[in-house]
Amino acid sequence: VQLQASGGGLVQAGGSLRLSCAASGRAFSTYYMAWFRQAPGKEREFVARISPSGGSTYYADSVKGRFTISRDNAKNTVYLQMNSLKPEDTAVYYCAANRIVTRAATLYDYWGQGTQVTVSS
């Protein structure tokens, strides 16, 4: 699976962005998909995860109620809708795929290239 993330940019605090991650290759609908982020000088952290069917989602406490992960298996794409953005959300955002349920970045098999999100105060 090859992943291509897009949709990042510069936004003011309180604003919204929607990230997309397009997948190529077979069997997208069999993968758990997740978003991670990494701020300068910090470790990569889990943001959200969605099950292969899209029926189950899980969020980090820091984004719960503000971010929504979704997927369209017909388009081989996963999304991250980010609302009420805060300066502390500033990071490079990565999409990732694997076949097990985990929050651990080290256990994800496939990664996109990352897209920068900058939230100004």
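Rings of Phe, Tyr and Trp (for Trp, the six-membered ring) pair if their centres lie within 6.5 Å; planes under 30 degrees apart count as stacked, over 60 as edge-to-face, and the rest as tilted. By this rule, ring pairs link Phe 36, Phe 46, Tyr 58, Tyr 94, Tyr 108 and Trp 111 into a cluster. The model is predicted: local features need pLDDT of at least 70, side-chain atom pairs count only at pLDDT 80 or more, and totals for chains, interfaces and linings use all residues. Residues are numbered from 1 along each chain as its sequence is written, and side-chain values use heavy atoms, with hydrogens and water left out.

**Aromatic pairs**

- The count comes to seven aromatic pairs.
- Phe 36 and Phe 46 form an edge-to-face pair, because their ring centres are 5.7 Å apart and their planes stand at 80°.
- Phe 36 lies in strand S4 and Phe 46 in strand S5, so this pair ties together parts that are ten residues apart in sequence. Strands here are DSSP runs (E, at least two residues), numbered from the N terminus.
- Phe 36 is buried, at a relative accessible area of 1%. Buried means under 20% relative accessible area, exposed over 50%, and partly exposed in between (1.4 Å probe, protein chains only).
- Phe 46 is buried too, at 6% relative accessible area.
- Tyr 94 and Trp 111 also pair edge-to-face, because their ring centres are 6.3 Å apart with planes at 80°.
- That pair links distant parts of the chain: Tyr 94 sits in strand S9 and Trp 111 in strand S10 (residues 110-111), 17 residues apart.
- Tyr 94 counts as buried at 14% relative accessibility. Trp 111 counts as partly exposed at 27%.

**Charges over rings**

- Arg 44 lies over the face of Tyr 94, at 3.8 Å from the ring centre. The rule asks for NZ of Lys or CZ of Arg within 6 Å of the ring centre and within 35 degrees of the ring normal.
- Arg 99 places its charged end over the ring of Tyr 31, 4.1 Å from the centre.

**Strand S4 and its partners**

- Strand S4 (residues 32-38) is mostly covered, with five of its seven residues buried.
- S4 runs antiparallel to strand S9 (residues 91-98), and seven bridges join them. Two strands pair if DSSP finds at least two bridges between them.
- Phe 36 has Tyr 94 as its bridge partner in S9.
- S4 also pairs with strand S5 (residues 45-50), antiparallel, over five bridges.
- On that side, Trp 35 stands opposite Ala 48 in S5.
- The hairpin of S4 and S5 has six residues between the strands, and Gly 41 there takes a positive phi near 75°.

**The four-stranded sheet**

- An open sheet of four strands has the order S1-S3-S8-S7, with antiparallel pairing.
- Strand S1 (2-6) and strand S7 (67-72) stand at the edges, each with a single partner strand, so one side of each has no neighbour in the sheet.
- From one strand to the next, the twist averages 15°. Axes are lines fitted to C-alpha atoms (for helices, over the stretch in contact), and angles run from 0 to 180 degrees between N-to-C directions.
- Six bridges join strand S3 (residues 17-24) to strand S8 (residues 77-82) in the antiparallel sense.
- Ala 22 stands opposite Thr 77 in S8.

**Nonpolar core**

- The largest nonpolar core has 35 residues, of which Met 33, Trp 35, Leu 80, Met 82 and Tyr 93 touch the most other members.
- S1, S3, S4, S5, S7, S8, S9 and strand S11 (115-120) each supply at least two residues of this core.
- S9 gives the most, with five residues.
- A nonpolar core is a set of buried Ala, Val, Leu, Ile, Met, Phe, Trp, Tyr and Cys residues joined through side-chain atoms within 4.5 Å.

**Disulfide**

- The structure holds one disulfide, where the term means a pair of cysteine sulfur atoms within 2.5 Å.
- Cys 21 is joined to Cys 95, with an S to S distance of 2.1 Å.
- The link of Cys 21 and Cys 95 is right-handed, with 65° about the S-S bond.
- Cys 21 is in strand S3 and Cys 95 in strand S9, so distant parts of the chain are linked, 74 residues apart.
- Cys 21 counts as buried at 0% relative accessibility. Cys 95 is buried, with a relative accessible area of 0%.
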